[in-house]
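Try each task before you read its solution.

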Amino acid sequence: MTDFNYILETILLLAVPIVPVAAGVFLRGKFPPPAEGQPPRTGAQKAARLAGNVLFWGGLAGILFMIVVILNFKGKI
Amino acid sequence: MKAIKLLAALLVLTPAAALAADRVKWEPDRPEFKYFTERGSYDEKSWAELAPAEQEKALEDAAEPAAARQQAVAQAYRPMAARWDTAQLRYYSSGLKNSDINAVYLWVGKQEGHELAHKLFTVREAVNKASVSGLGTEDEAALGQYLTPEAIKDLHSMKFASDLARKQAAGIKDKGPASGSSSKLGKLGGASPSKLSAGKLSGLYDKADQSGSPDMGTSAAVIGAGGKPGLQSGKPNATAARTIKYSAPEALQGPAPKSKAWTSDAYGITVETAQGTQAYRKSSEAEAAIRKLPPGSVKKIILYGHGSPGMQTVGDAVYDADGTAALLKDKMAQGGVIQFAGCNTSSIGGATLNPAVGLSMVARRLLYFSLPYFQDRADGIPAAQAREQWEKGWNADLARDTSLGVKGAVVCGYRTFGLVPGRLPGLTKLLGTQEATSPGVVAGKKACYQDGKEVPAP
């Protein structure tokens, strides 16, 4: 049971950096840039798109950060 | 008749008075005198200078704690002398220090102390060998008298041995054996620990060295914070101020030309006193200079290198809370600052809304708990044992623990991984910081403690 709990915890911890990326992907999909001929986006739509971008790229940066930290810890860099 | 009575009375009383006025001789084998030696209260010379009444009072005061201490050391020594099982091997090989060996020399006997020192030396060498090239038949035979067959078998696991060797090198104390034997000997029972100086026992150990005892300086905490104990030892009862002649730290040899290397090898110790600021690449040189400083003279010290929960490296030297406190406790000015410039040198602290700090917490938990926990489980270590060990260690707070040992000083560390721009490949070349001795700008969350309580960063 102890091992199971810790495996679960590890999976959740590893998933933490994925959450903002997933949220970013969702928001970017939901609020795509306007195509030609479509009405301009509202302020709320622009803000949602921006939040999506921040979450997506920030999340990717976070994952990169964790990879760097782990490689550093293992003495690779 | 009256005169005869008076004379008789005088004859009876004179020897009694003479006896009462006699000084007690220094008896090194008596527990009270061992206690004085360990505390550094008296040596043979200072004891002889005491008035008989003072001697009597001192002996009376010491009788009870000395007996308790003798019993405690004897009890702790028994499992150390027996063949170690795996748990004991893990604990003793990384956790025993010079002060423990010295306690055995003093309280149990020189022969026993010598044998324990030799045993520890042999086992540590074997662990190192096992982690690199594995054990041969001869090594096994040599270890047979010190370890149980099960422990020797476990040493054959390169993973187990390399983990143990790493802990030995870093001075990371492992979980103690289940019995009460895990109690360390270096602490004084009943006495004021603040009065204990490892240096007071150095004479015993130095003599042992001369008789062929191996140098136990492989304990990293001891190496890291000043080599063998006793480097500051003077006369018992003498203050550091009286025994240490002040000389300012030696100046560095001119500014070194800027490096053009791409990657960083930055570490060092920077010491700030009233005489100015000096930076050292070699920790041994820094420690030697610090030892020469008068008490209360260090205004700020930065230990720059790699950190992990509970420890900080500076080049090859490793500093834990005990080792750092031993080096600096008499040297820091009131409110002086000890800065551990290394990752995770403080605990993670409370909840945060900062995503970078959150990610750092996650990474710390994964690297210092999850990873070693599952490695231990893969090595066959019981879940409860692995959990207890790593749950304690992953969130260790080096800064807070050090502040408890260096009263009055402000000790700072980082709650997070620290990002030092000067260490980034490319920027290192641009800034010429390959061999920098202080970090400059650090992106990380700092925490400071004074006497164990969190205080604002100075």
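The exercises below go from the chains to their interface, then to salt bridges and the disulfide.

This is a predicted model, in which local features need pLDDT of at least 70 and side-chain atom pairs count only at pLDDT 80 or more, while totals for chains, interfaces and linings use all residues. Residues are numbered from 1 along each chain as its sequence is written, chains are lettered from A and ligands numbered from 1 in the order in which they are written, and side-chain values use heavy atoms, with hydrogens and water left out.

**Exercise 1. The two chains**

Describe the secondary structure and the buried share of chain A, then do likewise for chain B.

Solution. 

Step 1. Assign the elements: helices (H or I, at least four residues) and strands (E, at least two) are DSSP runs, numbered from the N terminus. Chain A comes to three helices and zero strands, in the order α-α-α from the N terminus on. Chain B has 19 helices and ten strands.

Step 2. Sort the residues by relative accessible area: buried is under 20%, exposed is over 50%, and partly exposed lies in between (1.4 Å probe, protein chains only). In chain A, 19% of the 77 residues count as buried. For chain B, with 458 residues, the buried share is 47%.

Step 3. Look at contacts (heavy atoms within 4.5 Å). Taking contacts between residues at least 6 apart in sequence, 63% of those in chain A join residues at least 24 apart; in chain B the share is 77%.

**Exercise 2. The interface**

Work out how much area is buried between chain B and chain A, and which element of chain B gives the most residues to the side that touches chain A.

Solution. 

Step 1. Count the residues: 19 of chain B are in contact with 17 of chain A.

Step 2. Take the buried area, which is the accessible area (1.4 Å probe) that two parts lose on being put together, summed over both. Between chain B and chain A this is about 1600 Å², with carbon and sulfur atoms giving 75%. On the chain B side, B:Leu359, B:Leu366 and B:Leu367 lose the most area to chain A, together 32% of what that side buries.

Step 3. Count the polar links. There are two salt bridges between chain B and chain A, and four residue pairs in polar contact, both residues at pLDDT 80 or more. A polar contact is a pair of N or O atoms within 3.5 Å; within protein, one must be able to donate a hydrogen and the other to accept it, and residues adjacent in sequence count only if both atoms are side-chain atoms.

Step 4. Find the elements. On the side of chain B that touches chain A, H16 and helix H17 (383-393) of chain B are the elements that give two or more residues. H16(B) gives the most, with 15 residues.

**Exercise 3. Salt bridges**

Solution. 

Step 1. Apply the rule: a side-chain nitrogen of Lys or Arg lies within 4 Å of a carboxyl oxygen of Asp or Glu.

Step 2. B:Arg377 lies in helix H16 (residues 355-378) of chain B and A:Asp3 in helix H1 (residues 2-15) of chain A, so the pair joins two chains. B:Arg377 is partly exposed at 27%, and A:Asp3 is partly exposed at 23%.

Step 3. Look for a network: salt bridges link A:Glu9, B:Arg365 and B:Glu391.

Step 4. Turn to B:Arg415 and B:Glu454, whose closest N and O atoms are 3.0 Å apart. This pair links distant parts of the chain, 39 residues apart, with B:Arg415 in the loop between strand E8 (410-414) and helix H19 (427-431) of chain B and B:Glu454 in strand E10 (residues 453-455) of chain B. B:Arg415 is buried, at 7%.

**Exercise 4. The disulfide**

Locate the disulfide and give its handedness.

Solution. 

Step 1. Search for cysteine sulfur atoms within 2.5 Å. The whole structure holds one disulfide, from B:Cys412 to B:Cys448, with S to S 2.0 Å.

Step 2. The torsion about this S-S bond is about 105°, so the disulfide is right-handed.

Step 3. B:Cys412 lies in strand E8 of chain B and B:Cys448 in strand E9 (residues 446-450) of chain B, so the pair ties together parts that are 36 residues apart in sequence. Both B:Cys412 and B:Cys448 are buried.
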